[in-house]
Amino acid sequence: MKQITFIGTGYVGLVSGAGVSDFGHQVVCADIAKDKIAQLQKGEIPIYEPGLGDLVKRNVQAGRLSFTTNVDKAIQEADVVFIAVGTPQGDDGDADLTAIFKVAEMIGKNLNHYKVICTKSTVPIGTGKKIIDIIQKDKGEDKAFDYVSNPEFLREGSAVKDFLWPDRVVLGTNSEKALKIMQDVYRPLFINETPMIQTSIQTAEMIKYASNAFLALKISYINEIANLCDEVDADIHEVAKAMGSDGRISPKFLHPGPGFGGSCFPKDTKALANLARKKGIQLRTVEGAIEANQAQKERMVEKIKGFFSGNISGKTIAILGLAFKSETDDIRDSSAIDMIQALLDGGAKVKAYDPIANNNMSKLFPSVVYCKNWEEAVKDTDGTVILTEWREFRGIDLEQMKALMNMPVILDTRNILPIKDLNRLGFQYENVGRKGNVKNDS
Ligand code: UGA
């Protein structure tokens with residue numbers, strides 16, 4: 001059993017900290033944000049993440065997990081220190097590493113005995129070396145440490161599952177001693193035969209960016225193919241299904257939609273493309289995926305405007321789904337932001353409903369009318385746009401919806417509504433790549 005400290009209690013730090021305590025280790029999650037720590041100490045979870053509340057409660061009750069604002073002490077007491085602070089996008093498109101370097105300084109100052117220092121935050125390739133230099137500069141003469149890059153592959157909304165049952169664990173380090181300690185940290189996974197991939201620090205950092213960029217690229221690709229399906233009367237669902245049954249392609253991340261959002265893909269693709277340009281390499285595919293994603297968001301706006309011959313002034317439009325995907329209240333880089341902005345700019349009135357993200361979006365767009373459920377949102381509207389794939393939207397009673405709306409107009413950007421019912425009820429509808437000739441309405 002190890003004494004482990006996580007610095008940063010965002011969704012990566014909190015999920016990973018609680019997960020590692022579930023593996024049987026003694027874990028302290030430290031953060032300078034007093035409010036957040038006070039909430040956690042009271043047993044409240046500051047973010048929406050399915051299963052996280054239970055995981056935290058179970059381990060707090062077992063005496064393995066605690067929370068503190070005393071970051072110095074938490075570092076001093078730890079055998080392993082995980083860095084899990086945020087790396088937001090800076091003004092220049094690169095990741096802002098201010099918090100990372102501050103934490104590295106704190107670690108250097110509090111290095112009282114040998115520790116493994118491990119970065120979970122997504123940091124540009126080459127950051128590990130800088131973190132080592134900072135710790136080295138501040139640490140006392142005889143104090144030793146080793147460094148590990150251990151990127152996370154957690155999806156918001158299924159982060160607990162992704163942590164406890166990962167596809168692989170990547171450990172980037174040049175120290176055999178640190179590697180053994182990390183294998184011990186992840187022992188239950190090691191025993192389960194989860195692949196443990198040992199690499200250099202830079203390679204581990206690259207694996208994280210290369211993975212996220214590839215997934216983003218896959219989404220932009222299927223979105224563009226879906227757009228073409230629209231024009232040639234092909235069904236993107238059947239295309240994606242048949243493509244995905246080829247083991248080399250895989251069916252995952254082949255769902256067309258309104259463009260990817262969230263705190264990772266938009267930021268990480270830009271950071272990777274920027275870094276590459278600085279190194280004299282142009283990542284044309286990644287730059288293309290970024291461009292295609294912006295175009296996809298704009299295409300969705302054009303689709304809804306198309307129902308009104310381009311003029312939405314004075315129309316009332318309902319938006320169902322505000323977060324960047326279902327099972328989260330996170331609205332960062334959500335397609336809903338572009339959509340709402342364009343509708344308001346065009347003179348439309350916007351009503352909106354999301355099961356858990358209304359509050360977050362209301363800070364950005366206070367003039368939107370936020371509703372308690374989809375029925376209230378679509379009432380007396382001239383059109384509805386579905387932007388996230390929440391289960392409750394899949395089960396919408398279309399007959400009731402038609403009766404509530406002024407005009408039966410729907411843009412289903414997640415392709416979740418049954419086309420045969422939309423046709424039967426006489427809806428005017430649009431989706432992404434399923435315009436005509438849909439044989440299997442699944
Ligand atoms: C993503 C990665 O999936 C994680 O592996 C990674 O750890 C994480 O970023 C991170 O770097 O922290 P996340 O942003 O939480 O996770 O969400 P995803 O499920 O990957 O979805 C990202 C966006 O792509 C969403 O807007 C989603 O709706 C969209 N998407 C996803 C599609 O449009 N189609 C798909 O087939 C899949």
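**Strand S4 and its partners**

In strand S4, Val-81 is the bridge partner of Thr-5. Keep in mind that this is a predicted model.

- Strand S1 (residues 3–7) runs parallel to S4, and 4 bridges join the two.
- On to strand S5 (residues 115–119): this strand is also parallel to S4 and is joined to S4 by 4 bridges.
- Which way do the residues of strand S4 (residues 80–83) point? Val-80 and Phe-82 point one way, while Val-81 and Ile-83 point the other way, and all are buried.

**An open sheet of 6 strands**

- Follow the order S11-S10-S9-S12-S13-S14 and you trace an open sheet of 6 strands with parallel pairing.
- Why is one side of S11 and of S14 left without a neighbour in the sheet? Strand S11 (369–370) and strand S14 (428–430) stand at the edges and each has a single partner strand, so one side of each has no neighbour there.
- Within this sheet, strand S9 (residues 316–320) pairs with strand S10 (residues 349–353) in the parallel sense, over 5 bridges.
- Thr-316 is found opposite Lys-349 of S10.

**Helices on the sheet**

- Helix H13 (residues 284–306) packs on the sheet and touches S9, strand S12 (383–386), strand S13 (409–412) and S14. The direction of H13 makes about 165° with that of S13.
- Helix H14 (residues 335–345) lies across S9, S10, S12 and S13, and runs at about 175° to S9.

**Helix H13 up close**

- Two packed helices are described by the angle between their axes and the distance between the axes.
- For helix H12 (residues 265–278) and H13, the angle is about 140° and the axes are 9 Å apart.
- The crossing of H12 and H13 is left-handed.
- H12 brings Thr-269, Lys-270, Ala-273 and Arg-277 to the contact, and H13 brings Val-286, Glu-287 and Ile-290.
- By type, the residues of this contact of H12 with H13 are 3 nonpolar, 1 polar and 3 charged.
- Leaving aside residues up to four places away in sequence, Asn-293 touches Ser-220, Gly-259 and Phe-260.

Key
Residues are numbered from 1 along each chain as its sequence is written. This is a predicted model: local features need pLDDT of at least 70, side-chain atom pairs count only at pLDDT 80 or more; totals for chains, interfaces and linings use all residues. Side-chain values use heavy atoms; hydrogens and water are left out. Two strands pair if DSSP finds at least two bridges between them. Contact means heavy atoms within 4.5 Å. Axes are lines fitted to C-alpha atoms, for helices over the stretch in contact, and angles run from 0 to 180 degrees between N-to-C directions. A crossing is left-handed if the near helix is turned anticlockwise from the far one by less than a right angle, and right-handed if clockwise. Ala, Val, Leu, Ile, Met, Phe, Trp, Tyr, Cys and Pro count as nonpolar, Asp, Glu, Lys and Arg as charged, and the others, Gly among them, as polar. Buried means under 20% relative accessible area, exposed over 50%, partly exposed in between (1.4 Å probe, protein chains only).
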